[in-house]
Amino acid sequence: MFRKILIANRGEIALRIARACRELGIASVAVYSEVDRAAPHVLYCDEAQPLGGRAAAESYLALEKIMTAARRAGADALHPGYGFLSENPALPEACRQAGIAFIGPSAAAMERMGSKTAARALAREQGVPLLPGSRQALASAREAEREAAALGYPVMLKAAAGGGGKGMQLVGGPAEMESAYALATAEAQSAFGDGTVYLEKALTAPRHVEIQVLGDHHGQLIHLGERECSVQRRHQKVIEESPSPALTAEMRQRMGEAAVAVCRAAGYTNAGTVEFLVDAERNFYFLEVNARLQVEHPVTELVTGLDLVHRQIAIAAGQPLGLRQEDIHMRGHAIECRIYAEDPEQNFFPSAGTIRHLRHPAGPGVREDCGVEAGGTVPLEYDPMLSKLIVWGENRAQAAARMRRALEEYELSGVRSNLGLFRRIFADPEFLAGRLDTHYLERLPAQPAAPAAEEGAPLAIAAAAWAAAQTPAPAAREGGPAEHWRRAAREAGLR
Amino acid sequence: MIQRIRIGEREFTVQIEGESILLDGAPVAADLRWAGPNRLSLVLGGLSRTYTIETDAAAPEEILLTRRGATARAQVIDPRRQRRGPAAGPAGRQRLLAPMAGRVIRCLVDAGAEVSQGQGILVLEAMKMQNEVRASKSGRVLKLGVAPGAAVSPGDLLAEIE
């Protein structure tokens, strides 16, 4: 087993991996940019190495700096997390050359999956159904227009190097192509350092369903069931759940087998995800492979009872998986909400700033993988995801009720967030009935059906008490709520 | 101390003297207890309500009370500050401000263009994402405050719409 793992990431995922390291008795090494010196992952890890720089390109995306940090720390393994360099084959290759184990697939397998056009070719060879689309990367907006005309609109422009919804544009007709092409290539360039895009025929109201796979270095490759991630905004997943309300056991088996076949053909090892679209007639189509741990992996952990990061580390250390397909059983239902620092009143624009107040939900079936602390700052340089709130229930209805309860307990201020959006979703009959597709959020009513207006009188009394506590008393400056509270605490301590 | 508190359309007077609380002049059996620096417990008529209370630095007379995921607003009416400042900018004119720091990628309209509510005015990039900044009312774009490539800070004027 490894002695020391460098975590080439930040935020909640760096913390999640560091926790696994601590559970396994492995030392963890954080890396940090100039703005992240006091970030939670740096505070938590056993060791820390500065990268310098502020922007991702000068810090968490700077491969040489990451490798220098790993050598300086004497790490014998490296976990890339998700995002940043996690799907760049240059990272596993650099690790191989440095004699550091990479916790993920080989550079060759990653390269095969990383190019979305190559992955589509691989799926085609395996007889996995595909959406029609361009086989090659597109050279220009004009070429995109020609291909789209042949396919028929609507089409989806996608980053060949991409994932996570960045660089994706839905194009409804030829008039939109030029600006959509420019936007997709610019976003792909800025997110992945590669502006190449391709296109696919777009389904009108698909569900997004993905299969988690896990493979060791001894030829064992299995799947851990599905996650449905249809609730999306601008192609970014917002809510994920497992199992999917749309899948039957028979579909799960067929999709699982297709996912395993594609990964086996690519020589894939470690954790990966095969994404599919499912249409209204429940046909499924291969979308792409994410050659890394996914943001939404906790929902699979909760329903399968497996710890994916522990498994990833054990696989990278050469241990056999010790699990067969028939050992995997899904139990109950899990749902995850991605809590972002973004302003719902400003078109969900990222909202950077200082977290003034943070109160986490707790209790039965609630897990939170949070990457921020009260008093901490949300830098504008990186992805604005703050936290993942995940619940488990015996069934979907119980899990949804539990999420609704946990969202009521959640308090966050200082930065704007999408918590209000989740509170609306978990009160929406369409969501609760599982009637989802990737356009679900566009249909969600802007306001809750029956806004539960707080009674005026109690609010007025509470507001007056607060205002009175803010006003300094003429004699002693006593009476502030902090003072009341401290006095109460002192009295309690004396008892 | 008598305080005037406005909740939505309604105005209340609240007098808190030690344990005694008068609401609109009538005594109420309300039990108040601070459970933390900004956490207030109110037991009233057998119902337990717990509020997390904050003030917004930008509007100090406005109090935000959060309970079970819902935030209500209350205003303290200060007799010494009855006069309210006018809303920013000339009447009917909308100043579109940068919601956060970022870089202007493209302008989607020209100065003088007629725009409708919700229409994209320009594209800002921040946190690796490109976002459209939209008009919050219909009108004519009086001027654009920025050009493509410009770096903007929160609160910078992006456009004025009349």
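Biologist: How is the packing of two helices described?

Modeller: Two packed helices are described by the angle between their axes and by the distance between those axes. In this predicted model, the axes of helix 3 (residues 63-73) of chain A and helix 4 (residues 90-98) of chain A come within 11 Å and cross at roughly 35 degrees, and the crossing of these helices is right-handed.

Biologist: Which residues in helix 3 of chain A meet helix 4 of chain A?

Modeller: From helix 3 of chain A come Leu63(A), Met67(A) and Arg71(A), which meet Ala90(A), Leu91(A), Ala94(A), Cys95(A) and Ala98(A) in helix 4 of chain A. The residues of this contact divide into seven nonpolar, no polar and one charged.

Biologist: How many disulfides does the structure hold, and why is Cys21(A) without a bond?

Modeller: A disulfide requires a pair of cysteine sulfur atoms within 2.5 Å, and the structure holds zero disulfides over all chains.

Biologist: Which domains does the assignment give for chain A?

Modeller: The domain assignment gives domain 1 (4-103), domain 2 (132-201), domain 3 (207-443) and domain 4 (459-488) of chain A. The centres of domain 2 of chain A and domain 3 of chain A, taken over C-alpha atoms, are separated by 26 Å, and their contact takes twelve residues from domain 2 and eight residues from domain 3.

Conventions
Residues are numbered from 1 along each chain as its sequence is written. Chains are lettered from A and ligands numbered from 1 in the order in which they are written. This is a predicted model: local features need pLDDT of at least 70, side-chain atom pairs count only at pLDDT 80 or more; totals for chains, interfaces and linings use all residues. Side-chain values use heavy atoms; hydrogens and water are left out. Axes are lines fitted to C-alpha atoms, for helices over the stretch in contact, and angles run from 0 to 180 degrees between N-to-C directions. Helices (H or I, at least four residues) and strands (E, at least two) are DSSP runs, numbered from the N terminus. A crossing is left-handed if the near helix is turned anticlockwise from the far one by less than a right angle, and right-handed if clockwise. Contact means heavy atoms within 4.5 Å. Ala, Val, Leu, Ile, Met, Phe, Trp, Tyr, Cys and Pro count as nonpolar, Asp, Glu, Lys and Arg as charged, and the others, Gly among them, as polar. Domain bounds come from an automatic or database domain assignment.
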